[in-house]
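Subject: Structure handover

Hello,

I am passing a structure on to you. Please open it alongside this email.

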Amino acid sequence: MAAELHVELVAADRQVWSGEATLVVARTTSGDIGVMPGHQPLLGVLESGPVTIRTSEGGTVVAAVHGGFISFADNKLSLLAEIAELSDEIDVQSAERELQRAKAEGDAPAERRADVRLRAVAAR
């Protein structure tokens with residue numbers, strides 16, 4: 001079993017993160033999944049939620065991911081997201097305002113996006 005896997009986190013508009021990791025945890029339609037080197041090949045649908053990447057250097061990268069796909073084969077993990085942003089790119093005050101506005105307007109999808117953004121920041 002290899003000691004690391006290559007990870008590509010890509011959003012529709014940009015490459016969000018790329019590098020070597022020892023563990024990636026993401027939420028799929030079947031539940032949370034952890035992928036380590038040597039994992040069985042998989043293809044799944046991503047749910048909105050934080051994605052946690054444990055880097056080979058011992059660090060942690062957390063991203064807010066809003067839908068997409070996850071694919072793993074030959075120690076290469078691809079996370080293809082509709083929208084994704086690293087937790088350190090998220091403006092907490094803006095996300096909190098978006099959450100309050102969405103709640104007031106009854107906009108469930110916007111509320112979910114703001115909630116995921118805030119959970120990603122809290123997870124880092």
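This is a predicted model: local features need pLDDT of at least 70, side-chain atom pairs count only at pLDDT 80 or more; totals for chains, interfaces and linings use all residues.

Residues are numbered from 1 along each chain as its sequence is written, and side-chain values use heavy atoms, without hydrogens and water.

Helix H2 covers residues 108-123; helices are DSSP runs of H or I with at least four residues, strands are E runs of at least two, and both are numbered from the N terminus. From first to last C-alpha, H2 reaches 22 Å, close to the 22 Å expected at 1.5 Å a residue (the expected span is 1.5 Å times one less than the number of residues).

Buried residues of H2 include Ala114, Leu118 and Val121 (buried is under 20% relative accessible area, exposed over 50%, partly exposed in between, with a 1.4 Å probe and protein chains only). The buried residues of H2 pack against strands E5, E6 and E7 and helix H1, where contact means heavy atoms within 4.5 Å.

H1 and H2 pack at about 150°, their axes 8 Å apart (axes are lines fitted to C-alpha atoms over the stretch in contact, and angles run from 0 to 180 degrees between N-to-C directions). On the H1 side the contact includes Val92, Leu99 and Lys103, and on the H2 side Ala110 and Asp115 are among the residues involved.

Glu82 lies in strand E7 and is exposed, at 57% relative accessible area. Glu82 touches Ala11, Ala12, His66, Gly67 and Gly68, leaving aside residues up to four places away in sequence.

Regards
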